[in-house]
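Open the structure and keep the sequence beside it.

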Amino acid sequence: MDEPESLSLTGTWYNSRRDQLHRDPEYRLYYPAASEEIVYRAKAGDRLFLGLAKDGSLLAIFCPCDSSTEQQLLWLFGLQRNQNYEIDQVDLRIDKGRSLDIAARHVLELISVEVQTNEEQLLDKLLKKFGALFPSTSKFSAFAREISEDIDPVLDPDAALLNWMDIEERLFRTLERHIVGERLKSGFVVNDQPDVDDFIKFSLGVQNRRKSRAGWAFGNHVEALLQAHNLKFCREATTEKRNGPDFLFPSEAAYHDPSWPSSSLRMLAVKTSCKDRWRQVLAEANRIDRKHLLTLEPGISLAQTNEMNRSNLQLVIPHSLHSSFQFIQRKEILTVADFLKMSQEI
């Protein structure tokens, strides 16, 4: 999947028949020539989303028909999938919008909209426990679970996983905002000259830390769920050619034991978002035909999930995100609770 392209420009969206009350509206969008490279990539049948922000700016999003992006945005904005040319509208000032949980924020990040998420009221507690330093991911994840809402990971593992991930991201962004802010105050100047290379290195470090910590946090919380359900497993196991799944059931020793039946082995890959990376999972455990992938990415396209099914890969998605998938897709998707029950049965 290609990364989205974005431009910040001005344009005009208007009803050319505004003063012709006897005729149906005819909407037109005028855009500057600089946007033609993106606009001309759109094809008949592709979808255009127009969002009017509180500050009066207009967000115009083109996305291919039947793509994951289209499905995710329809879910995010509470719009219906239709094949006609009518304009479907929703006013989020009146209609209750979707809460900006971790899945919704993921979709917004795909369209270059960053949501400010922090827990400033917990900053003092963070600094008291960790100081102005980033702790290890395992310690930070444990702290997030410790202060999260009272959700039972045994009775409702789907909600617990989303809650843990959500609060950890908020806590991380809070601590990051403080640490990065202090570093920016000190500036990037050496001998009265701006140190551009040091600034770029620092900026890249911030971005890379965000990406890597999200993946590790996801693995940490999945591990805590498996432990809460008393499952036997090995994290970061080695199978063939140093390839290995994130979680292997019941153990690495059982996997490498020829006498252990393959039907009593399970594997689980975990990725906060899968995009095209799900194909990497197919090579991670040759003895296990039916592979499982747990992700927080909502609204993966029908074409993608069909390809996954043909590759004998089954998605595991937290229950509250199943509504982002088409009805025909849901019968092939497990909840977290489903996967845990299945793993206990072996």
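Start with the second largest pocket: helix α7 gives the largest share of its lining, eleven residues. A pocket is an open set of points on a 1 Å grid over the protein atoms alone, with protein on both sides within 12 Å along at least five of seven lines; lining residues have an atom within 4 Å of a point. Helices (H or I, at least four residues) and strands (E, at least two) are DSSP runs, numbered from the N terminus.

This is a predicted model: local features need pLDDT of at least 70, side-chain atom pairs count only at pLDDT 80 or more, and totals for chains, interfaces and linings use all residues. Residues are numbered from 1 along each chain as its sequence is written, and side-chain values use heavy atoms, with hydrogens and water left out.

Back to the pocket. About 1300 Å³ of space lies in it. That volume is the space filled by probe spheres set on the points, which are joined across faces, edges and corners. The elements giving two or more lining residues are α3 (102-110), α6, α7 and β9 (266-271). Of the 41 lining residues, R210, K211, A214, T272 and S273 lie nearest the centre.

Now look for a cavity, a set of points where a 1.4 Å probe fits but cannot get out. The structure holds one of 30 Å³ or more. The largest cavity has about 60 Å³ of space. Among the residues lining it are L161, V222, L268 and L294. Helices α7 and α11 (336-345) each supply at least two.

Finish at helix α4 (residues 123-130). Which of its residues are buried? They are L123, L126 and F130. Buried means under 20% relative accessible area, exposed over 50%, and partly exposed in between (1.4 Å probe, protein chains only). Seen down the axis of α4, the buried residues fall within an arc of 60 degrees, so they line one face. The arc is that of the directions from the helix axis to the C-beta atoms. Exposed D124 and K128 sit on the face turned away from the buried side.
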